[in-house]
Amino acid sequence: MSDTPFGFGLPPEEPDDGDEGKKKDQQSGGGQGPANPFGFGMSGAGGLGGPGADNPFAAMFGSMNPNDLGAAFQQLGQMLSYEGGPVNWDMAKQIARQTVSQGTPDGRKDASVGPAERNAVQEAVRLADLWLDDATALPSGAGTAVAWSRAEWVEATLPAWRELVDPVAERVGNAMGDVLPEEMQAMAGPLIGMMRSMGGAMFGTQIGQAVGVLAGEVVGSTDVGLPLGPAGKAALLPVNIESFGKDLGVPQDEVRLYLALREAAHQRLFAHVPWLRSHLFGAVEGYARGIKVDTAKLEDVVGQFDPQNPEQLQEALQQGMFQPEDTPEQKAALARLETALALVEGWVDAVVHTAAKPRLSSADALRETLRRRRASGGPAEQTFATLIGLELRPRRLRDASRLWASLTDAHGVDGRDGLWAHPDMLPTATDLDDPDGFVHREQLDFSELDKMLGEAAGKPDLKKKDQGESGDETKGDGGE
């Protein structure tokens with residue numbers, strides 16, 4: 001787990017080689033510089049420390065020249081007058097779109113999707129769904145298949161990012177006012193309001209940069225293991241698929257089809273396991289509730305703050321004043337989220353391999369490429385490590401894939417997929433350490449529980465044969 005969620009903490013020292021070192025640091029996703037108000041760095045997100053990361057205002061204003069000053073000050077006024085939630089999402093959207101328009105480090109620019117690419121994506125998803133019918137008991141979850149540009153991915157996924165990030169940002173933002181005595185809060189109202197406006201802008205800038213960079217890497221709507229796009233809509237990004245498969249030595253049609261299998265498998269799971277989305281997002285909220293801000297340092301700074309010397313506050317904020325502490329609540333929430341994400345990704349990996357192996361000669365190579373992509377810090381790990389302090393360990397993904405494959409061998413497709421009927425029936429983190437023990441454990445009869453769940457939901461009985469036992473670890477704040 002990352003020690004510095006949202007990049008809170010001490011900034012790194014200045015590079016010895018001055019501007020050149022700074023450029024290198026930016027290109028490699030380097031850390032926050034001293035010009036970063038609030039100390040909100042994105043250094044852990046592989047490339048998120050690009051243009052504007054050291055100075056959020058640069059991300060907003062771009063390359064400054066006299067003709068831009070009017071617009072720059074107008075944007076600054078909008079930032080300081082922001083009175084919305086903990087994150088300025090208008091600014092986040094603007095920064096994300098600007099980041100996308102700059103293109104990726106390899107020089108590849110975003111482009112509108114043409115009719116031929118849309119047809120290719122639709123055909124790939126249609127064929128993928130046919131292949132998956134033999135590999136899983138869950139029916140198709142993709143009502144439509146769409147091809148997105150990077151900008152369209154940003155627009156479509158921002159509502160999900162908002163749901164994920166707001167709880168964490170709100171908890172940190174509230175700490176700005178909570179440390180003042182009640183009798184002083186009325187007097188300090190304008191200052192607190194300005195700080196919160198600045199905080200919302202800083203969060204918006206950093207989240208916008210993160211989402212914009214991620215848009216240059218993802219190949220679909222479920223790359224991070226969560227349903228970021230609209231329900232029932234399988235989405236692929238042709239421009240990123242082409243970049244992904246460029247040096248693999250695999251025909252582009254096979255790359256597209258394999259990635260369509262993964263997207264369609266995710267869609268099936270999230271469409272037909274109704275509690276799963278709230279379980280995952282609820283774990284993030286549980287993490288946010290466990291955040292403990294360093295209030296002693298915050299009180300000290302606020303108590304000594306001189307309104308005539310605002311640089312003092314900026315300097316203090318750069319010293320990691322809001323560095324959250326690990327708490328049992330946070331650790332438990334992150335453990336639930338990490339385990340659930342590993343189970344989702346492991347199930348998709350196992351199901352897609354079953355569907356692709358007999359049909360695609362490149363199935364093994366593509367599977368390993370995607371696994372290594374995750375292991376080297378792919379989109380999922382980078383995003384979660386940066387935004388909420390979570391790192392999805394590759395070992396858990398591989399263990400989960402082996403467990404699902406063993407369940408298929410022992411109990412068949414129906415018995416394996418039946419475990420998704422209720423979170424209590426899923427394997428736990430301990431079970432991932434001992435897959436064989438879970439697979440061959442004496443089974444309990446969940447038929448009555450499933451019958452009650454089905455009746456309560458007004459839906460058919462969710463029972464599947466040969467369902468397994470599990471502990472309480474997967475239950476979370478966002479359970480059913």
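**Ground rules**

The model is predicted: I took local features only at pLDDT of at least 70 and side-chain atom pairs only at pLDDT 80 or more, while totals for chains, interfaces and linings use all residues. Residues are numbered from 1 along each chain as its sequence is written, and side-chain values use heavy atoms, with hydrogens and water left out.

**Whole protein**

I counted 20 helices and 2 strands in the protein. I then looked up burial, where buried means under 20% relative accessible area, exposed over 50%, and partly exposed in between (1.4 Å probe, protein chains only). Of the 480 residues, 54% count as buried.

The accessible surface comes to about 20,700 Å², and 50% of that surface belongs to carbon and sulfur atoms. Accessible areas come from the Shrake-Rupley method with a 1.4 Å probe; for residues, only the protein chains shown count as cover.

I also looked up contacts, meaning heavy atoms within 4.5 Å. Among contacts between residues at least 6 apart in sequence, 77% join residues at least 24 apart.

**Nonpolar core**

A nonpolar core is a set of buried Ala, Val, Leu, Ile, Met, Phe, Trp, Tyr and Cys residues joined through side-chain atoms within 4.5 Å. The largest one here has 95 residues, and the members that touch the most others are Trp153, Trp161, Leu276, Leu280, Trp347, Trp404 and Trp420. Helix α14 (residues 328-356) gives the largest share of this core, 15 residues.

Leaving aside neighbours within four places in sequence, Leu280 is in contact with Gly225, Leu226, Phe270, Leu337, Ala340 and Leu341.

**Cavities**

Rolling a probe the size of a water molecule over the atoms shows where empty space is left. The search uses a 1 Å grid over the protein atoms alone; a cavity is a set of points where a 1.4 Å probe fits but cannot get out, and lining residues have an atom within 4 Å of a point. Grid points are joined across faces, edges and corners, and a volume is the space filled by probe spheres set on the points.

How many cavities of 30 Å³ or more does the search find? I noted 6 of them in the whole structure. The largest cavity holds about 270 Å³ of space. It is lined by 20 residues, and those closest to its centre are Asp223, Arg262, Glu345, Leu370 and Arg374. Helices α10 (252-272), α14 and α15 (363-375) are the elements that give two or more residues to this lining.

By class, the lining has 7 nonpolar, 4 polar and 9 charged residues. Here Ala, Val, Leu, Ile, Met, Phe, Trp, Tyr, Cys and Pro count as nonpolar, Asp, Glu, Lys and Arg as charged, and the others, Gly among them, as polar.

**Back to Arg262**

Is Arg262 buried or exposed? Arg262 counts as buried because its relative accessibility is 16%. Arg262 and Asp223 are 39 residues apart along the chain, and their C-alpha atoms are separated by 8.9 Å.

I found Arg416 in helix α17 (residues 394-417). Its relative accessibility is 1%, so Arg416 counts as buried. Apart from neighbours within four places, Arg416 is in contact with Ala135, Thr136, Trp347, Val351, Trp404, Leu407 and Thr408.

Ser406 also lies in helix α17. At 23% relative accessibility, Ser406 counts as partly exposed. With residues up to four places away not counted, Ser406 touches Asp436 and Val439.

Val439 lies in helix α19 (residues 435-439) and counts as buried, at 3% relative accessibility. Its contacts, with neighbours within four places left aside, are Leu403, Ser406, Leu407, Ala410 and His411. From Val439 to Ala410 I noted 29 residues in sequence and 7.1 Å in space, C-alpha to C-alpha.

**Two last entries**

Helix α9 (residues 238-245) is mostly covered, with 6 of its 8 residues buried. Those buried are Pro238, Val239, Asn240, Ile241, Phe244 and Gly245.

Met202 is placed in helix α8 (residues 189-215). Met202 is buried, with a relative accessible area of 1%.

Notes
Helix = DSSP H or I, 4+ residues; strand = E, 2+ residues; numbered from the N terminus. 1 Å grid on protein atoms, 1.4 Å probe; cavity = no way out; pocket = protein on both sides within 12 Å on 5 of 7 lines; lining within 4 Å.
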